[in-house]
Structure formats: structure tokens, C-alpha cells
Amino acid sequence: MSISHHVFLNEENSNNTKFLHAEMAFTLAKRISDKSFATAVSFGINVADFEYHEPVVKLIDTSKPQPILVSAEADLDKMEVHVKWFNPAKEIWYCHATVLYEDPSSWLSTWSRSTKLVTSRIDALNDMAAVGKASKLTTDLAYSLFGKLVGYSKLYQTMQSVILNEDEAMAEVQFPDDTGGSWTVPPHFIDGLISLSGFVLNGGTHFDNTNNFFITPSWKSMRFARPLVPGGRYIAYVRMVPSDNHSFVGDVYVLQDSEIVGVVEAILFLQWPRVMLNRFFRPADGTAKPAASVPVKSAPPARLKSKAHQVPRPKPASTPPSQKEGSEHSDSSGVIISRPGGCSSSDEDAGASASPATGASGAIDKALALVAEELAVDIGLLTDDAHIADLGLDSLMSLVMSQRLREELGLEIRDAFFLEVDTVGDLKKLLQ
């Protein structure tokens, strides 16, 4: 069984929220379940193996259509639904998840074995806050600190208080008295519970969120054994621990009346240098000014404008093209540098449109200083025949250096630029 939704991002949508995508997955899975099984059958919906590869940010000009396509294919023999999201503007599949139909009573039974451990940590945090060994924050203060990265509208500000101690936190959460629309699981309800994990990293002082920011590309499992109800009061608890390669992972527990009723397992956050904020959050029709914070939740959630029907698979490939073909991280089909004065060059005609010698020399000097700084090497090592990859370049450094060249030197280049330039001499030629 295959179902497709066409969703339009509009002026009511939150920018770049993973939890709106979770709501879409819940909605499609429930629709398939309602059409396929007897009405007496009630399944728990587990949005599992969620991975988000490329940000989709709401355009500033909301008069323009900005559709995304959500495709769901059910394998009812396996009791699972494969969901994926397509961005027509970039012609890439940018997100996917597997939804599993499971027995919620088995979840509750499993979680009950962790209840004492989780509630003991919640009690410990309360005790530490009472004697000043942990920070207790009000709603206004918590979301003000969260404003280092994102701005939340009132509808999303459901954490009534937060107790934070280094890498762990708990929050008292109360939902508004209505859902703000017709939702299977309201995204602002999900966000109010799960965003505590991001708050530990982006809002506290235990992690370096002055020079870095943390965003989540994935989680292993999202399950709610009981509906998240308007006006409901909950407690969320999480501890974020280091994982591989500048990443952090944690399990978010959701409690109601001292019972665990929901768990988001292994929610992952990647650490990015703050210079990369525009790379992830700047609207396509926005300006290139650096952002101190990004209002990704500055408006109430949208009602999905959707049209469900049986459709064939969309024509574009199910995996993004390679970087050589212009991947999800590419800005064009070739290595192109453009300067504010309108001068540009590429790997085919680097010498044909060079800027004046003094300007080129200055740009080269600044670019080499930037490269040496990012690679943490002496600038004397950047000889013409030195291979940049041999100096310790990795894909993250490539993205950071490309972004810094854009913002600090006014050079517009592809994110894959440093992976495609072999030697320092090649880099100099492209900067001439």
C-alpha cells in the first residue's frame, strides 16, 4: 500500500522542525492503519530510525509555494511503514523513517522496569535544586537561554520549569488546552517534551554553545504509549552523554503521574561550529548575514494542507546524487567562486576572469591564513604542491572553511570545494 501527502510550508509553519516531520509520520501511519485493520484493533505507533539529511527552511516570502512530498509505503506482513520526504526545490530525498506497529502495553511493561531509576534521578535533581547545587529555571528564563540558538513562540513554550545539572535535566511540562489544529500527535506537544535534550546542549553552560551549536539529525525510536492530551501535565527527563566524533546522545523519558508513558530513544545531536548557522537555517530567499540566533519556532504550527491519494513513486532517485553531480551539500554543478564585484572563476576558466593583482593577492593571503587556522598547521606548510587532504582535512572542516570563505571574504563557493581542490597551488589558481 502506498500513500503520498503533498505538504505546503506556509506562514504558520515552524522553520526546520524535526517534530513536524514526526507528526507527518504518525499521521500517515495512522491513516494506513485505519484503512487496513479492523476498527477494534489499536496499535502503538513507533516512529523509528528517523534520519534527517538536509534542512528545509521556510521561505521569507510566504506568497511563494514551498511544497514537500511525503511518501509512505506499508508492508503489512511486517507491520511497518517506510516513510520518506522529498524536497522538489533541490530534487533530493532529505529525510526518512520506518514506522512500526507495536503493542503499547508491552512498552509500558518494559518501561516500568526503568521507572525507579528515572524517578530517583528526578528526585535527586529536585533535591539539588533545593540546596542550590542545580539550576532551576522558570519558563521565561529557560526559553531566553534557548534563544542562543532558537526563538520559541508562546504556543511552543510548554516547559513550565527546568532543573539543569551539567549533562542532565528534567522539565515540568504543561500543554495548552487545545491542540492548535487537527493533529494526530501535535508537533508542539512533541517538541515541548523532547526539546529538553537540545536545551541541555544549547541552553546550559556545561557544553560549549558559545562557539558551537547542536542539532539533531536522528533518533532510534519515538513512542508514546498514551495520547498526549491538551492541558496534560508531564515530566520529561534526559541525560546527554558523549558519543562518537563530536556528537551526543540521550534517551528522553516522558512521565505522567509517576509512570513512564513515552520514550524517545537514542536522540542524537551533532556539534557544529557556530559559523555554520546560516548553512542550516538561512532561508533560500534570505540574506547572508550571520545569525546570532534563528527563530525556528517563531510562529504557531501549521495545519497540514495535504491531499492523500494512491500515487506511483516520484521519479527522482531514492538517494541523493553524489557530490560530483551536485549533491545535497552542493550549491552548483562546478567549483565556482564569485566575488562581490561580480568577478567569477571556475576550474575551467580560473585565469580568464581574475581580479586585480592586489585584490587577488590579498584574498589568497587571507584564504591561506584561514585554511591554516582551521587545519591547525603552520602557514609555511601551505606550499603550492602540498595536498590539502594530507594536512588533516575532513568533510566537516571542508564545510566550515567554505562557509568562512563565504562570510569573511565574500567568496561564494560550493561546500565541497575543499574536497575537490587537490593542492594548495590549485586553490591559489581558483582565487586569482
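**Aromatic contacts in a predicted model**

Lys18 sits over the face of Tyr52, 4.4 Å from the ring centre; the criterion for such a placement is that NZ of Lys or CZ of Arg lies within 6 Å of the ring centre and within 35 degrees of the ring normal. Lys84 is placed likewise over the face of Trp93, at 4.1 Å from the ring centre. The model is predicted, with local features requiring pLDDT of at least 70 and side-chain atom pairs pLDDT 80 or more, while totals for chains, interfaces and linings use all residues. Residues are numbered from 1 along each chain as its sequence is written, and side-chain values use heavy atoms, without hydrogens and water.

Tyr52 also belongs to an aromatic cluster together with Phe19, Phe50, Trp85, Tyr94 and Trp219.

Across the whole structure, a search finds 20 aromatic pairs. Rings of Phe, Tyr and Trp (its six-membered ring) pair if their centres lie within 6.5 Å, and planes under 30 degrees apart count as stacked, over 60 as edge-to-face and the rest as tilted. Tyr143 and Tyr152 form a tilted pair, 5.1 Å centre to centre with 55° between the planes. Tyr143 counts as buried because its relative accessibility is 6%, and Tyr152 does so at 11%; buried means under 20% relative accessible area, exposed over 50% and partly exposed in between, for a 1.4 Å probe and protein chains only.

Phe175 and Tyr234 form another tilted pair, with 5.0 Å between centres and 40° between planes. This pair links distant parts of the chain, 59 residues apart: Phe175 lies in the loop between strand 9 (168-174) and helix 5 (187-194), and Tyr234 in strand 11 (residues 233-239). Helices (H or I, at least four residues) and strands (E, at least two) are DSSP runs numbered from the N terminus. Both Phe175 and Tyr234 are buried.
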